[in-house]
Amino acid sequence: MSTAFFTGFLFEAVGGIDYAWIIALTLPGILYFALMQKTRRISDELESDTHLATTH
């Protein structure tokens, strides 16, 4: 189904090339990376707190 309502200005500007798959792969990858960095930071903080608690 191809209608003007579902196609944006960028679609027409690039000559009708479907670039949605690039966005569909890149955006979740960036989001995953950012969330895992935060999770890793929190995990490292908890690990260091646990290490301090067991040594005293």
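Accessible areas here come from the Shrake-Rupley method with a 1.4 Å probe. Keep in mind that we're working with a predicted model.

**Exercise 1.** What is the accessible surface of the protein, and what share of it belongs to carbon and sulfur atoms?

*Solution.* Start with the total: the accessible surface comes to about 5300 Å². Next, the share: 69% of that belongs to carbon and sulfur atoms.

**Exercise 2.** How many helices and strands does the protein have, and what percentage of its residues count as buried?

*Solution.* Count the elements first: there are 2 helices and 0 strands. Then turn to burial: 0% of the 56 residues count as buried.

**Exercise 3.** Is Leu-25 buried or exposed?

*Solution.* Find its place: Leu-25 sits in helix α2. Exposed means over 50% relative accessible area. Leu-25 has 61%, so it is exposed.

**Exercise 4.** Which residues gather in a patch of negative charge?

*Solution.* Look on the surface for Asp-44, Glu-45, Glu-47 and Asp-49. Now pick out Glu-47: its place is in helix α2, residues 20-55. Its relative accessibility is 56%, so Glu-47 counts as exposed.

Key
Residues are numbered from 1 along each chain as its sequence is written. This is a predicted model: local features need pLDDT of at least 70, side-chain atom pairs count only at pLDDT 80 or more; totals for chains, interfaces and linings use all residues. Side-chain values use heavy atoms; hydrogens and water are left out. Patches are made of residues with over 30% relative accessible area and no salt bridge: like charges are joined within 9 Å, nonpolar side chains (Val, Leu, Ile, Met, Phe, Trp, Tyr) within 5 Å. A salt bridge is a side-chain nitrogen of Lys or Arg within 4 Å of a carboxyl oxygen of Asp or Glu. Lys and Arg count as positive and Asp and Glu as negative; His and the chain ends are not counted. The place of a charge is taken as NZ of Lys, CZ of Arg, CG of Asp or CD of Glu. Helices (H or I, at least four residues) and strands (E, at least two) are DSSP runs, numbered from the N terminus. Buried means under 20% relative accessible area, exposed over 50%, partly exposed in between (1.4 Å probe, protein chains only).
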